[in-house]
Amino acid sequence: MKFAAQMNTLRAYCATQQDLLDTLKKVADMGFDGVELEYGMLKVANQETLASHLEPIGLEVASIRNPFARTEFGLEDMIRQAKILKCRNVGIGTMTTAQFNQGAAGYERYFAQLDKITRRFRQEGLRPVYSLRNHEFVRQNGQWIYDKLLAADESAGLFFETDVLPLTRAAVDPPRIFAQLAGKMPVCRLTDQKIRENEMYFFFPEREECPLGEGLFDLALWADAARNVGTEWFVLGQNLCDRDPFACLAVSLEKARTL
């Protein structure tokens, strides 16, 4: 298994191109194999400069996350960027609220665009990676939106990135979802969650993200389940940290290596 740092965790340290390059070096020195990059973060850097910086410090790009809207207005630029950065897993975002709230008409428009994406990426040897969140587990007419997505002919060439945090918040069992995505889940975000100290309300305990091993999740079981279906990258990180983000990443990496 390979471990990638979720660079959104360190977004405060990536405001300029030089900041981003310096931060990537620190990530490499921590022992990560790669990084997961965000489209918004990449706007500050020249892509060729970034690519030439990554290889000498020993970092790969595990995946690039993009909003779905970019597939409609910047698909060729997504392909160009991925090739420069030697990244095979290219995030295409997630089905939007507007699309699934429009029912059949929204699905039709979404799947038409999805078919175009998967065909084009296949031509370039790239993987279009759908970011599975929790809204896909809303039921419509007794069926999860997630089930409709998997059943669609247009999704045959689609790959997935899962994140155990939104899956648990959707009250679904991560290993069950992993098993359904066997061979199509190259990237998995391993996250953890704890009950916030001193804010334990009787009915509604406050929960927050935390470094791996400091929370409630059965990480060993879920890591094994992901590995068994062919996951290549575990992405580690947090959207919010209660201490220095570099320290949080270090704790998570140390724990992940024991899994």
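Student: Which side chain meets that of Arg189 in a salt bridge?

Tutor: This is a predicted model, in which local features need pLDDT of at least 70 and side-chain atom pairs count only at pLDDT 80 or more, while totals for chains, interfaces and linings use all residues. Residues are numbered from 1 along each chain as its sequence is written, and side-chain values use heavy atoms, with hydrogens and water left out. A salt bridge here is a side-chain nitrogen of Lys or Arg within 4 Å of a carboxyl oxygen of Asp or Glu. At 3.5 Å from N to O, the partner of Arg189 is Glu38.

Student: How many residues apart in sequence are the parts that Arg189 and Glu38 tie together?

Tutor: Arg189 belongs to strand 9 (residues 187–190) and Glu38 to strand 2 (residues 34–38), strands being DSSP runs of E with at least two residues, numbered from the N terminus. The pair therefore ties together parts whose separation in sequence is 151 residues.

Student: Is Asp163 buried or exposed?

Tutor: Buried means under 20% relative accessible area, exposed over 50%, and partly exposed in between, with a 1.4 Å probe and protein chains only. Because its relative accessibility is 5%, Asp163 counts as buried.

Student: Which residue forms a salt bridge with Asp163?

Tutor: The closest N and O atoms of this pair are 3.8 Å apart. The partner, which is partly exposed with a relative accessible area of 22%, is Arg133.

Terms used: Helix = DSSP H or I, 4+ residues; strand = E, 2+ residues; numbered from the N terminus.
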